[in-house]
Amino acid sequence: MPRSAYPRQPAIRHPSQKAKYVLTLARQPASTRFLQASVVLGVMLAGVSAPSAAQNPAPSAMPQASADTRVYDIPAGPLSAVLTRYASEAGVFLVGASELAAGKQSPGVRGRHSVSGGLSAILAGTGLRAESSAPGRYVLREAGAVSELAPVTVTGTAFQESATGPVQGFVATRSAVGTKTDTPILETPQSVSVVGRDALETQGTLNVANGLRYTAGMGAAAYSNGDGNAYDTFTMRGFVVSNGGLLLDGMRLHYNVLDAPVEVYGLERVEVLRGPASMLYGQSGPSGVVNLVSKRPSTEARHEIEVTGGTNDRRQVATDHTGALNDTSTLSYRLTGLFRESGTFVDNGRDDRSFLAPSLTWQPSAATSLTVLASYQKSKGTYYMGLPYSGTVRSNPLGEPSRDTNLGDPRHDYWNSTSKSIGYVLDHAFNESVKLRQSVRYGESALRYGYLFHAAGGGDLPGNRVVARQSVRRLDDTSQLGADTNLSTRWQGLGGEHTTLLGFDYGRSHSDTFNYRGSAPATDLFSPVSGVPGVPSVMALRNSDKVRFEQLGVYAQQQSKFLDRWVVTLSGRQDWAENRALSRVSGLRQKQRDNAFTGRVGLTYLAPRGIAPYVSYATSFEPVGGVTYDGTPFKPTKGEQVEAGIKWQPPGSETLVTLAAYHLTQQNLPTLHPDQVAFPNGRVQTGEVTSKGVELEAATHLTRSLRLRGALTFNHSEITESNVPGEVGRRQPDTPARMASLWVDYRLPDAWVPGLLAGGGVRYVAGTHDGPNLVKTDGYTVYDAMLGYQVQNWKFTLNLMNVFDKRYLSSCYAFACYYGQPRMAMLTANYAW
């Protein structure tokens, strides 16, 4: 729950006993007994670690306290938050319990000070003092205290970002999405974006797609997703991201794109890796993956409860709690929950949800950690099926329908899903160099939906207003199991420092689908009537499929740094996949087996002043169902990308800028056989899509009070090989050629209005094509705004989306057009302690 725009509490992982801060560095004893009892496969993997890793462990970097003076500019605030930031800037160790600092305020520190002088300024008036026990190590005591308590020795700094932990403000420095190891973003040879909890809250977030609207290259309206509430899918670099491209805590989340959407309140960060990712995660599309990182337990006690009200009768209450469960902090917990009742901007729309996510971490030593993560979510909503082309993207003599028009019927429209999951993440360090990680998750989901949808096609309507409709009912039940185990080894040799990763993962999914279709009476585009008779209670079974999917992958990765400047990244993975399907309607059984090797080669140069040019080549694969004209099962599609760019993160700054250019192709796409006379409807795999473009993204804290997020996207994606007449040159659907966004927020000086934060953003999205390129939407520009105020433990936030109530189409697809979110306001009252 970090809130860097406001005073923050320190992120302390190993609090000491008694009331004091301890500054010290020591090695914790390692224990492998639990690991050996629980993870036999991990012990087997340990045998393949490089001998040189044990002989030449990579030295850990130890921040050195500077004896010189330096300039500080840390404003007044809670003592814990001020000490946290000071320790980071001064390079000293401040870890331990926070009892003495709790509830106290600090005047902050400004100007040039020595380390001890700065601490004295920070502690002025608090009744506390800091004692130096060794260079770079301090103990916090009451001013009159003379007795010494035995310190608890730990390793670390007051705050150090990890790949799965909180992001301080808008700027992340580390991520595992591009390497499966905790790696600086600067050293990852592909474009990476991270949207942290602070950004999600500050900018107001309705769902995952909405949370990515200020991220480069991301199309939030994709493939009939409408308002984004029903399921999670997006476009990126010209291709849809769903199924294999959506990850939760580094493992594939869905095998059915329609499975339950993820609740954003339960996330710590949202990460985007652009470009092929099969060399790490197996089958996925060529444009990249989106990784959702769950909130996890912390030993620091934090609690919050918040209430939100807003447009469309939105009513929501959410709560989040974390802390240690025992005095030694070997057990910690987190409990996150949410309840919401809400309408949508569409007539009779619904967006209700209940969400609960408990988690528990057991850390018997600094070497071993086991985190159990569980979640339960129940959603009751409706599906926004859009409106016909006539009157939206095409002119209608009678004008345009209202944005909130719903052509369905509240008696028959529902989109209800339930999901539950449980899993664990096990981390164990055999020594300073060799580490094991195993992640396992089992989940089940159920989807029940039905609605009336228009079947008007793309032409004119009878009388310019009569809309034909059909009815649909569908039942989906899915279960899935995923497991990922890897061993990483840090070692020195061959003139450089190296991290070697070896691992394998397994995924399995079972799904059952029943899909029914029926007739429905027509309705009026401009005056739809609800509750009309004529919808059959029993509909025809259109398809009913039982699908079983399995995937096994073995992967390896080598990250090597030479001369502290050159970073070489080599990744490779072999996958085996099997898909078995039974059609209950036709009785047809299908079985398809695929295998593919994918890889990546990347080179990064760490130049002075935080400049890092890079280049990479990566491949992907994705199985395709069906057969060619001669009955041969389709081969997987193949993606290839060349990417070159430059990243900039000035040392000691809170800035990350990424400029990337890419050329991406996807091959082996099914298309018609060139001889349709001899092979009617026969297909071959000679289709190809090419996507190329440039992306610029920046996140920075220009001052301690002024923050910025900006993105610029240029993309050209089209079909370059096809045997279908007229398809070559056709643009990819729901893919804007240009996008630009900018968000700025500013915390007013305490001398003006203490605790006041104001922010605003602007987003431009160019027009997009539908699938067959029959129509193209107009581009649009919308504005967002927020105003926040914090006083003691209370924080109040007002978010406005589409401030000027711009009327625009976000997408047209499959003869339906979808209006974008009209003006929406949300007011949240948050109490944290």
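1. Start with strands β12 and β13 (residues 234-236): they run antiparallel and are joined by 2 bridges. Two strands are said to pair if DSSP finds at least two bridges between them. This is a predicted model, in which local features need pLDDT of at least 70 and side-chain atom pairs count only at pLDDT 80 or more, while totals for chains, interfaces and linings use all residues. Residues are numbered from 1 along each chain as its sequence is written, and side-chain values use heavy atoms, with hydrogens and water left out.

2. As background, strands of a sheet pair through backbone hydrogen bonds, either parallel or antiparallel.

3. Another open sheet has 5 strands, in the order β11-β17-β18-β15-β16, and its pairing is mixed. Which strands stand at the edges here? They are β11 (192-196) and β16 (251-252); each has a single partner strand, so one side of each is left without a neighbour in the sheet.

4. Within that sheet, have a look at β17 (residues 267-274) and β18 (residues 288-294), which pair in the antiparallel sense over 7 bridges. A handy place to check this is E271, which stands opposite N291 in β18.

5. Next, the cysteines. The search of the whole structure finds 1 disulfide, meaning a pair of cysteine sulfur atoms within 2.5 Å. C812 and C817 are the two residues joined, with an S to S distance of 2.0 Å. Their link is right-handed, with 105° about the S-S bond. Are these cysteines buried or exposed? Both C812 and C817 are buried, that is, under 20% relative accessible area with a 1.4 Å probe, counting protein chains only.

6. Finally, step back to the whole protein. There are 8 helices and 42 strands; these are DSSP runs numbered from the N terminus, with helices (H or I) of at least four residues and strands (E) of at least two. Of the 833 residues, 55% count as buried. The protein exposes about 33,400 Å², 56% of it supplied by carbon and sulfur atoms; the areas come from the Shrake-Rupley method with a 1.4 Å probe. Among contacts (heavy atoms within 4.5 Å) with a separation of 6 or more, 68% come from residues 24 or more positions apart.

How values were computed: Buried < 20%, exposed > 50% of the residue type's maximum accessible area, 1.4 Å probe, protein only.
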